[in-house]
Amino acid sequence: MTEAFEDRSLRDSAAGSRNDASDTGGRAASARDYSLVGRDARRAVETGLASAEWYHTDIPRKQMKELMQRRDAPAIRDTAIWLGALVTSGAGAVYFWGTWWCVPFFLVYGVLYGSASDSRWHECGHGTAFRTQWMNDAVYQIACFMIMRNPVTWRWSHARHHTDTIIVGRDREITVMRPPDLLRVSLLFVGVTDVWEAMRDMVRNAAGRLNEEEKTFIPEQERPQLFRVARIWAAIYAATILLAVAMGSILPLMLIGLPRIYGAWHFVLTGLLQHGGLADNVLDHRLNSRTVHINPISRFIYWNMNYHVEHHMFPMVPYHGLPKLHELIKHDLPAASPSMWAGYREMIPAFLRQLRYEDYFLKRELPPTARPYREDLHGQAAAAR
Amino acid sequence: MTDWIEACGAEDIDEEDVIRFDHAGRTFAIYRSPGNEYFATDGLCTHEKVHLAGGLVMDDIIECPKHNGRFNYKTGAARGAPVCVDLRTYPVKVEDGKVFLQVG
């Protein structure tokens, strides 16, 4: 069950003198400043929303240790299947190139390249997929290239995402900002806007430059490696383009680069559900993250990140331990959405509502067995404003 | 010379695990290695000040529970992003089944 929530206490506290739809009529002027160097970034620090203490369900240490244990075997198996299927589908696409038979092969190749890389980047970035660290690092580098996320930038960006999840002005990984830009969100499914941004960032980084936001979360000593990776990637893409020109065929780009566009739809489909339509500027992942039950194929592609409340609450638990963690703590969490369809059925109307009233969000109902939401903590943040 | 402070019983820490110890307004992490040796570091991760006692001990590594930053708890050395600053370590001894810590 989900409760529609127009949280005036949070809104008023979090936004200070922000406007709302009733003041402006029709679509509200954006009251949130998502810049990492802007007004809400400063405000989050001043009010204690930045680097704050977050709610955790209590789990006995012994059980937590078992859940956190690393193993190589599941990720080696899954990586062999992933890369094996990638090579096989790619080979089929090349073999049938020039006929319609290549289309199904590219559909599979694209999702494995442009979507499965998202979850591999994520899990290996946490260092939890494999027990052996060099395996995490190797898959991380490969997946980062495919998903077009600089491995240095995004390691630090994602650390911030976990410190300040959906805190406006602090979290760089808020996909749907309020009020939602639904055209931009729609274009994500075909990878247009984010690929353009990734290419722009790569060229800037290859030239040895960071923008002001990147400077806020990437330490000095990490930057030479960031620039080096951007230059290597730029060289790979340049070589691919040259090969395509020399061959007089787009085929090389269909295998390197373009799959991030035509295969992105699955990671966007699953990724939007992580936080879409839920609360911002709160300190309880049960309020700003969503767990969704999805089909086994999507779970393989997504590496169980559909257990997203659990992942944020306990990022040390590997992807293969998340179903068990879910069973252990579900008494303390809002009921998981039973399907992606159910998730979108609540999320899309919330986006539409936020067009007119951006402080609207979905407050997911807790079961009677759960500890209540930490209104005390949110209240403290409010009182500080 | 700093005195040795009794921190806990040797059996209070499981093998390949860590516990928290607070003393005089400071917080520490005390480790028991897979080889049954004891070590101590500052309690908070140098990245975001999260307590390491909630983390995972693997061989000679402690992994921070919040961002998975890794340290060698025997030397305090940071072992890669997102941790860049080493942990301070402290001498530890075990006598009569008790773990003692020498805090500077």
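In this predicted model, chain B brings 13 residues to its contact with chain A, and chain A answers with 17. Sorted by class, the chain B side of that contact comes out as 6 nonpolar, 3 polar and 4 charged residues.

Next, the cores. The largest nonpolar core runs to 77 residues, and the ones with the most contacts inside it are B:Ala29, B:Ile30 and B:Leu101. On the chain A side, helix H8 (residues 133–147) is the top contributor, giving 7 residues to this core. As for B:Ala29, once neighbours within four places in sequence are set aside, its contacts are B:Val18, B:Arg20, B:Ala40, B:Thr41, B:Gly43, B:Leu52, B:Ala53 and B:Ile62. There is also a second, separate core of 12 residues, with A:Leu272, A:Val292, A:Ile294 and A:Phe351 among them.

Helix H8 turns up again in the packing around helix H13 of chain A. H13(A) covers residues 223–247, which makes 25 residues. From first C-alpha to last, H13(A) reaches 36 Å, close to the 36 Å expected at 1.5 Å a residue. Its buried residues are A:Leu226, A:Val229, A:Ala230 and A:Trp233, and these pack against H8, helix H9 (151–163) and helix H11 (192–206) of chain A. Just after H13(A) comes A:Gly248, with a positive phi of about 65 degrees.

Definitions and conventions. Residues numbered from 1 in each chain as written. Chains lettered and ligands numbered in written order. Predicted model: local features only at pLDDT ≥ 70, side-chain atom pairs only at ≥ 80, totals over all residues. Core = buried A, V, L, I, M, F, W, Y, C linked by C-beta atoms within 7 Å. Buried ≥ 20, exposed ≤ 12 C-beta atoms within 10 Å, placed from the backbone. Helix = DSSP H or I, 4+ residues; strand = E, 2+ residues; numbered from the N terminus. Contact = placed C-beta atoms within 7 Å. Expected span 1.5 Å × (residues − 1). Nonpolar A, V, L, I, M, F, W, Y, C, P; charged D, E, K, R; others polar.
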